[in-house]
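Subject: A structure for you to look at

Hi,

Here is the structure I promised to pass on. Please open it next to this email, and then read on for what turned up in it.

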Amino acid sequence: MRHPRTRLRALVVAVAACAITLTGAHAANASPSTDLTKKIDAASDQVEKIAESINATNISLKKTQDNQKKLQASLAPARVALANASAQVTTIAGTAYQQGPVGPASALLSGDGTNLIQKMSYLEVIQASNQRDIDTFTETTQTFTQRQAALKATQDKQAAQLNVLKAQKKAADSKLADLNEMKISAFGSAQDTPGKAQKAPALSGAAGEAVDFAYAQQGEPYKINAAGPDSWDCSGLTMMAWRAAGYSLPHNAAAQWSATAHISRGDLKAGDLVFYAGLQHVALYVGGGQIIDAPKPGGFVSVRSINLGMSIYGYGRVT
């Protein structure tokens, strides 16, 4: 038979072991597992990649629609020229009816003949001018029809691409939602916690205005294809930050790369753009080795290190 003190010691050890086990289990559940985090990050990256593709297709589609409007407007001068030519032909035909078969020639060539050559030249100019206007209209309408058909084909293709991307985005969103449900079950929330807002660095000029704007959005959530006022995607934030400074950038990371002057890392200054992952992501450099960006689904606009874990594609300066 065990001594009471021995039994008490064994009970204390068992309780302590149980407490350690429970504490360890709680600690294990306190932060996302590496595997689940990787899956969520991969799904988030896929959603952001599709979102930037949608932004790019929307830009192309709008350009095609603008070209269609310009094409429609370009037909107006040709219609005016045709109306003038038609009126002139009608006038000549009316004169011919009133004066007989010779018509305008009789009117022009009558008299003493002193200005015969001048009158004949005048008649030829009228006829040539009318024919040019008619030819111009015919050529313009033919070109218009061809260009209209080409633009329509382009628009249909872009609309189809947009539908495919939207379907891909829906599938990616569904996958991300499933992963976030797992995250909520395991850790209580799918959202990251917004960090404490930082004070914007004191900068002058347009770059200072762009950086100030971005800092004012700290803590606001990432949202696909959003450009404010209360949520953002990566290129939406950089676009609106520089719009606040009076500059126009497209709503797409790759298009912003094309719209900026490319610089080296050694030339990097606050207000420049940093492009990542094959132009899949863009951020605003704020100095001191830091950027501010709208990171990914579930994240918030925040200041962080320029080294995000994504490969840096290059650096751009708004000019």
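A term to start with: pLDDT is the predictor's confidence in each residue, on a scale from 0 to 100. You will need it because this is a predicted model, in which local features need pLDDT of at least 70 and side-chain atom pairs count only at pLDDT 80 or more, while totals for chains, interfaces and linings use all residues. Residues are numbered from 1 along each chain as its sequence is written, and side-chain values use heavy atoms, with hydrogens and water left out.

**How confident is the model?**

The average pLDDT of the chain is 78, and 72% of the residues score at least 70. Over residues 1-30 pLDDT stays under 50, and the model has five contacts there beyond four places in sequence; a contact means heavy atoms within 4.5 Å. Residues 99-105 also stay under 50, with seven contacts beyond four places in sequence. Where pLDDT is low, the predicted coordinates should not be read in detail.

**The largest pocket**

Rolling a probe the size of a water molecule over the atoms shows where empty space is left. A pocket here is an open set of points on a 1 Å grid over the protein atoms alone, where a 1.4 Å probe fits and protein lies on both sides within 12 Å along at least five of seven lines; its lining residues have an atom within 4 Å of a point. Volume is the space filled by probe spheres set on the points, which are joined across faces, edges and corners.

The largest pocket holds about 190 Å³ of space. Its lining is made up of Asp-41, Asp-45, Glu-48, Pro-295, Lys-296, Arg-304, Leu-308 and Met-310. Sorted by class, that gives five charged, three nonpolar and no polar residues. (Asp, Glu, Lys and Arg count as charged; Ala, Val, Leu, Ile, Met, Phe, Trp, Tyr, Cys and Pro as nonpolar; the others, Gly among them, as polar.) Helix α2 (residues 34-99) gives the largest share of the lining, three residues. Helices (H or I, at least four residues) and strands (E, at least two) are DSSP runs, numbered from the N terminus.

**Backbone features**

Most residues other than glycine have a negative phi, and most peptide bonds are trans. Which peptide bond is cis, with omega near 0 degrees? The one from Gly-228 to Pro-229, and Pro-229 sits in the loop between α5 (205-215) and α6 (234-244).

Ala-277, in the loop between β2 (273-276) and β3 (281-287), has a positive phi of about 45 degrees although it is not a glycine. Leu-279 lies in the loop between β2 and β3, and has a positive phi of about 65 degrees. Ala-277 is partly exposed at 23% relative accessible area, whereas Leu-279 counts as buried at 15%. (Buried means under 20% relative accessible area, exposed over 50%, partly exposed in between, with a 1.4 Å probe and protein chains only.)

- Thr-57 belongs to helix α2, is buried at 10% relative accessibility, and touches Gln-158, Gln-161, Leu-162 and Leu-165, leaving aside residues up to four places away in sequence.
- Ala-206, in helix α5, is 112 residues from Val-318 in sequence, yet their C-alpha atoms are 9.6 Å apart.
- Lys-196 is in the loop between α4 (116-187) and α5 and is exposed at 79% relative accessibility.

Enjoy exploring!
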